[in-house]
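Please keep the sequence and the model in view while reading.

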Amino acid sequence: MITDVAADRRYMAAAIALSERGRGLSTPNPNVGCLIVRGGHVVGRGWTQKGGRPHAEAQALDEAMDRAEGATAYVTLEPCFHLSPRGPRCADLMARAGVARVVIALRDPDPRTDGQGAAWLRERGVTVEMGLMAAEAAEAMRGFVLRQTLGRPAVTLKLGLSLDGRIALADGSSRWITGPDARAHAHLERARHDAILVGGGTLRADAPSLDVRLPGLKERSPRRLLLSRSAAPEGWSAIADPEDIATLDRVDHLMIEGGAETAAAFLRADLVDRLLLYRAPILIGAGLAGIGDIGLTDLADAHGRWRQTDQRQFGPDRLEVYARTRSA
């Protein structure tokens with residue numbers, strides 16, 4: 001079969017973009033994206049829906065109907081193979097629909113599938129190719145991948161800072177460090193997470209609502225978590241230590257929003273995978289630092305830990321995004 005590599009990449013990039021629509025909604029299932037293409041036309045689109053069902057492949061096949069026969073499916077994660085009372089196996093659905101070729105970005109790290117979905121398709125005469133844009137797909141499904149490999153959610157630390165690294169005046173006044181455009185983007189980021197966490201000091205000082213205040217996205221407000229050994233107030237859940245995030249049910253994407261000691265606690269435990277630094281072009285001076293003591297004793301150990309992955313401008317404010325550099 002002659003393939004168009006450039007077209008394959010375009011379609012897979014589109015499937016990855018679709019997968020982002022389910023982030024923060026699909027847990028405990030991965031946020032997968034799928035395109036069905038026949039004769040150079042997209043005939044089916046899907047992404048994992050709220051609560052994990054229907055799966056992206058099922059949604060795309062439903063849209064394609066009989067046009068799926070002989071088509072190519074682009075899917076960001078290997079179609080599931082394990083039996084579930086919640087729905088059929090996607091590998092079986094694709095084979096029965098008559099899909100001729102399946103291009104998979106990422107092999108499923110879940111041992112219930114892990115290569116079996118692809119093998120099932122091949123045994124039924126379907127051409128299967130795996131690995132196209134695997135890194136990009138894994139990044140879009142970071143929470144699911146880390147839950148499978150490290151047993152914990154993906155953690156994003158968000159900080160709104162002055163140029164000199166302050167999050168508030170000395171008296172604790174922090175509204176507002178950044179402008180409305182940057183704050184709106186931060187709310188969009190909230191909508192892409194299953195839960196959001198602050199420390200007890202932030203809760204007492206600010207009484208934050210931690211909701212999503214964007215038109216059309218208010219229902220995507222994440223669960224509210226508190227880092228505290230005391231009981232959480234109504235509407236909140238508490239964890240005693242950063243390592244306890246591994247015990248959180250249906251949380252694959254976790255955002256940390258404050259304060260300085262909570263940020264430091266997660267950094268000391270090396271549990272932060274992504275940094276969102278919103279920098280306002282202001283100087284505060286003797287204010288409150290954005291991060292507390294992270295246990296660093298040698299400056300050399302600070303280097304090589306973070307790599308910049310994105311940067312954007314929101315009015316006068318600048319966003320810098322960094323990913324934790326890990327050996328495995």
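Arg190 is found in helix α7 (helices, H or I, have at least four residues and strands, E, at least two, as DSSP runs numbered from the N terminus). The model is predicted: local features need pLDDT of at least 70, side-chain atom pairs count only at pLDDT 80 or more, and totals for chains, interfaces and linings use all residues. Residues are numbered from 1 along each chain as its sequence is written, and side-chain values use heavy atoms, leaving out hydrogens and water.

**Annotated residues**
- Arg190 is buried, with a relative accessible area of 9% (buried means under 20%, exposed over 50%, partly exposed in between, with a 1.4 Å probe and protein chains only).
- Leu210, in the loop between α8 (200-206) and β9 (223-227), is also buried, at 3% relative accessibility.
- Beyond four places away in sequence, Arg190 touches Leu210, Arg213 and Glu257, among others (contact means heavy atoms within 4.5 Å).
- With that same exclusion, the contacts of Leu210 include Arg190, Trp236 and Glu257.

**Sheet**
- β14 pairs with β15 (residues 317-324) in the antiparallel sense over 8 bridges, and Trp306 has Arg324 in β15 as its bridge partner.

Terms used: Pairing = 2+ DSSP bridges.
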